[in-house]
Amino acid sequence: MLEITSIEKGIVIDHIQAGYGIQLFNYLKLDKAEYSVALIHNAFSQIMGKKDIIKINNAIDIDYDFLGLIDPNITINIIENGKITEKVKLEVPKVVKNIIICKNPRCVTSIETYFDQVFHLVDKEKRSYRCEYCDDIVIPYPK
Amino acid sequence: MLAGRSLIDPSDFTREEFREIFDLAHQIISNPEKYSKSCEGKILATLFYEPSTRTRFSFEAAMLRLGGKIIGFSEPNSSSAAKGESIADTIRTIECYADIAVMRHPKEGAPRVAGQYITMPLINAGDGGHQHPTQTLTDILTIERLKGNVENKVYGFCGDLKFGRTVHSLIKFLSNYEGVKFILISPEELRVPEYIREEIIKKNGIPFKEVEKMDPYMGELDFLYMTRVQRERFFNEEDYIRLKDRFILDMDKMKYAKEDTYILHPLPRVNEISIEVDADPRAQYFVQAKNGMFVRMALILKLLGIY
């Protein structure tokens, strides 16, 4: 069994669907972090079978919208003095800005990019979103 | 209150607000002279980044018949767009000179972007294969003048329902009314986009069928809305050639239609309606084109807060 030491102060992002940990890691720019960070891929999970985990040994601001977009079942544990002090419950965001890029080649966002790329939630279960400008529907992170 | 507002998408106005526009349009048709000086001193800017005959001319004619003036360009090469100017910068500049603007653009959502940078009213005159709300005003005015109201009717849409922006706007508008049914006639590749089917038709509980033949359904329709398969929307010429002649309305097919089934078309037509159909009193597409000017007169007056 692989062992990663517990952290004193920071954040543990748990129950990430296996394979999505690296996307989250990159989005949070953790590859540039000067504090210790662990990305655990394909960890054993009784519920999920396999899961990814990210441990961040520092208190940082997390974009919960992005995490909710990837998977609202992700667990966020805030750690102080080596103990969990807060569990954050995620929700599928109703509106997301500048996270999803519209892939419709006919969309205005394909030629002009100085304004926010906005998407609106269409179906919470499917986690599908509609582009504010062209109405194209996308499922950015399929289950 | 419609004064100062923009019309980018049919969902921007309520049923009551659309009612105000149609009521005024009917009054203008009855007595156009009364409105001939209503827009004196006002300027309408027309920004057409894509070719247009009916829409641009009808907007310009509408403003001129209201006593106003027009400025603008009819193709992007004659504007700073050719130099790479952004939509935001162009519209902000135009706002310095005009009281109201009309924009057509090949990219979907371009008028929505433009509207974020100005306070003057902006009208979407067609954005790519997305929406064309003032064609819908034209269509609805025509439907009202032919049948009194839009409720409790079967609407057939035929041709390119995927890229047909006039179809998308009209379906979006009609889906707010009681008793409407849709028969969507197209090749499988040109069916309505997912957001129209799922977010508009199904969410509003509208009965609909998606079919690939016209004849068996002609007898059910109150209106048949024909559309052109648009070459400019295809990235692949072969697809266009394969699909363009799939549905052609001729007098043989008209025999299946009821005596009071009306044929509408946003125009331009290529060959999807045979010329012989034009003489049939049920063909109403040129009447539709004329109504477009009157309803745009009403829209301009409302957005400028003059009526």
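Modeller: A:R127 sits in the loop that links strand 7 (118-123) to strand 8 (128-131) of chain A. Keep in mind that this is a predicted model. The phi of A:R127 is near 55°, a positive value in a residue that is not glycine. Most residues other than glycine have a negative phi, and most peptide bonds are trans. Is A:R127 buried or exposed? A:R127 is buried, because 21 other C-beta atoms lie within 10 Å and 20 or more are enough to count as buried.

A:K29 belongs to the loop between helix 1 (21-27) and strand 2 (37-45) of chain A. Its setting is another matter. A:K29 is exposed, because its count is 9 other C-beta atoms within 10 Å and 12 or fewer count as exposed.

Now the chain that holds both. Chain A has two helices and nine strands. Their order along the sequence is β-α-β-β-α-β-β-β-β-β-β. The C-alpha atoms of chain A fill a box of roughly 50 × 30 × 25 Å along the principal axes. Of the 143 residues in chain A, 27% are buried. Take the contacts in chain A between residues at least 6 apart in sequence: 55% of them join residues at least 24 apart.

Next, the partner chain. The contact between the chains takes 15 residues from chain A and 16 residues from chain B. On the chain A side, nine are nonpolar, one is polar and five are charged.

Chain B is divided in two. Domain 1 covers 10-131 + 291-303, and domain 2 covers 133-289. Their C-alpha centres lie 24 Å apart. Across the boundary, 21 residues of domain 1 of chain B are in contact with 23 residues of domain 2 of chain B. Which elements give two or more residues to the domain 1 side? They are helix 1 (15-30), strand 4 (122-127) and helix 10 (285-303) of chain B. Helix 10 of chain B gives the largest share, six residues. By class, this side of domain 1 of chain B has nine nonpolar, nine polar and three charged residues.

Helix 1 and helix 10 of chain B also pack against each other. Their axes are 8 Å apart and the angle is about 120°. The two helices are therefore oblique to each other. Their crossing is right-handed. From helix 1 of chain B, the residues in this contact are B:E20, B:I21, B:L24, B:A25, B:I28 and B:I29. Helix 10 of chain B meets them with B:F294, B:V295, B:M297, B:A298, B:L299, B:L301 and B:K302. The contact of these two helices has 11 nonpolar, no polar and two charged residues.

One backbone feature of chain B remains. A cis peptide bond joins B:L267 and B:P268, with omega about 10°. B:P268 lies in the loop between strand 9 (262-264) and helix 10 of chain B.

Back to the starting point. A:R127 is buried, whereas A:K29 is exposed.

How values were computed
Residues are numbered from 1 along each chain as its sequence is written. Chains are lettered from A and ligands numbered from 1 in the order in which they are written. This is a predicted model: local features need pLDDT of at least 70, side-chain atom pairs count only at pLDDT 80 or more; totals for chains, interfaces and linings use all residues. Domain bounds come from an automatic or database domain assignment. Two residues are in contact if their C-beta atoms, placed from the backbone, lie within 7 Å. Helices (H or I, at least four residues) and strands (E, at least two) are DSSP runs, numbered from the N terminus. Ala, Val, Leu, Ile, Met, Phe, Trp, Tyr, Cys and Pro count as nonpolar, Asp, Glu, Lys and Arg as charged, and the others, Gly among them, as polar. Axes are lines fitted to C-alpha atoms, for helices over the stretch in contact, and angles run from 0 to 180 degrees between N-to-C directions. Angles under 35 degrees count as roughly parallel, over 145 as roughly antiparallel, 65 to 115 as roughly perpendicular and the rest as oblique. A crossing is left-handed if the near helix is turned anticlockwise from the far one by less than a right angle, and right-handed if clockwise.
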